Amino acid sequence: MERYNKKYNFAAGPAPLPESVLAKARAELDDWQGQGYSILETPFSSDRFAELMVQAKMRLRALLNLPPGYQILFLQGGASAQFSLIPLNLLPASGKAGYVDTGHWSARALQEGARYGKAHIVASSRSTGYDRIPSPHRWSLPQDLSYCHITTNETANGVQFHADPDSDDIPLVADMTSEFLSRPININQYGLIYAGTQKNLGPAGLVIVIIRETLLGRARPETPRVFNYESQIEAGNRTNTPLMFAIYLVDLMLKWLDAQGGLPAIQIHNKHQSEQVYSVIDQDDFYHCPAQPGHRSVMNLCFGLASESLRQTFLAEASERGLLNLSGHSHAGGLRASLYNAQTDAAVSALIDFMRDFRNRYG
Ligand SMILES: Cc1ncc(COP(=O)(O)O)c(C=O)c1O
């Protein structure tokens with residue numbers, strides 16, 4: 001049936017990209033900027049690529065309204081590598097870092113960070129099943145912390161910070177991987193932001209690091225040069241061959257985001273989509289959402305059904321209708337619909353229609 005021919009992808013990452021961006025990338029695989037070959041075949045030392053990187057960083061600066069005094073880096077190893085590279089760059093061997101424990105990804109950052117120094121749990125929502133963000137008023141922030149790490153959107157647990165927290169004078173380090181560029185933020189609150197680009201910006205493997213310059217110069221001597229923030233800045237982010245194709249795609253995505261109206265406009269779009277789905281979940285007890293109202297993620301909507309067999313039926317029928325990748329994270333279980341920046345209204349409408357219909361038939 002024609003209605004079910006269309007495929008809608010709700011993956012938590014890598015996630016759907018806008019058709020216009022894919023079409024442009026496809027076309028430019030034959031010829032990038034009239035040079036007769038693609039970005040994949042371009043020397044990384046060329047002026048052309050240097051210009052691309054400068055341009056992408058300028059677009060990012062403009063979208064984020066980034067004040068002077070911050071540097072941007074495009075690094076390899078994805079977001080997970082930063083769980084180790086942040087301590088190597090910022091934490092003395094005898095130092096202590098704080099972690100706000102809000103779910104699967106902050107726990108991973110903590111576990112890895114603890115290999116490089118002392119890890120202090122600033123606050124945790126583990127005892128309530130990671131259903132909320134612990135109130136910053138009740139955080140324990142000893143003054144000897146080198147930084148305080150947060151995960152602003154927990155991709156697996158579906159909870160999100162909806163305001164930029166205040167960490168007194170302790171530098172705030174934020175993993176924004178699954179919500180980066182989905183809303184305006186007050187960048188002055190943060191010492192360092194990092195984000196793998198496979199959610200709102202396309203390619204996996206690339207991580208964007210934005211660092212306040214006053215935090216540079218603290219790397220341990222054993223920090224690999226390609227992952228030393230200061231060395232990379234000094235080398236114009238070309239200590240080694242950068243992830244050129246990924247940076248090219250990010251540049252296309254930044255242009256696309258700008259054309260959507262930038263962060264204020266995309267925030268309205270994202271909120272509108274997520275509110276529609278949450279209102280179907282909240283209508284009665286058929287679906288339930290483990291995350292507390294006021295703490296729920298706008299990007300990764302986690303929800304459940306009464307039994308595992310009903311969940312399996314939901315996934316099978318959804319898939320038949322072209323609604324794909326709705327299974328929850330392997331650690332959290334349940335169901336999850338990811339609505340990143342490029343998620344279409346058509347996909348959200350199709351999901352809502354299906355969820356209502358499913359409730360009518362099985363509720
Ligand atoms: C919040 C968060 N942090 C870190 C990661 C790990 O990213 P990567 O696979 O790029 O290492 C993910 C991946 O989904 C994530 O959602």
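Predicted model: local features only at pLDDT ≥ 70, side-chain atom pairs only at ≥ 80, totals over all residues.
Setting aside neighbours within four places in sequence, Lys199 contacts Ala12, Gly13, Ala15, Thr155, Thr177, Ser178 and Tyr340.

Is Lys199 buried or exposed? Its relative accessibility is 11%, and because the limit for buried is under 20%, Lys199 counts as buried. The UniProt record, an unreviewed entry, places the feature "modified residue: N6-(pyridoxal phosphate)lysine" at Lys199.

Where in the fold does Lys199 stand? Lys199 belongs to the loop that joins β9, residues 192-196, to β10, residues 206-212. Both strands take part in an open sheet of 7 strands, whose order is β2-β10-β9-β8-β5-β3-β4 and whose pairing is mixed. The edges are held by β2 (70-76) and β4 (118-124). Each has a single partner strand, so one side of each is left without a neighbour in the sheet. On average, and ignoring direction, neighbouring strands of this sheet are turned by 20° against each other.

The partner of β2 is β10, in an antiparallel pairing over 7 bridges. Within that pairing, Gln76 has Leu206 of β10 as its bridge partner. Helix α2, residues 47-64, packs on the sheet and touches both β2 and β10. The direction of α2 makes about 125° with that of β2.

Terms used:
Residues numbered from 1 in each chain as written. Heavy atoms only, no water. UniProt positions renumbered as here; feature names shortened; annotations may be inferred. Helix = DSSP H or I, 4+ residues; strand = E, 2+ residues; numbered from the N terminus. Buried < 20%, exposed > 50% of the residue type's maximum accessible area, 1.4 Å probe, protein only. Contact = heavy atoms within 4.5 Å. Pairing = 2+ DSSP bridges. Axes fitted to C-alpha atoms, helices over the stretch in contact; angles between N-to-C directions.
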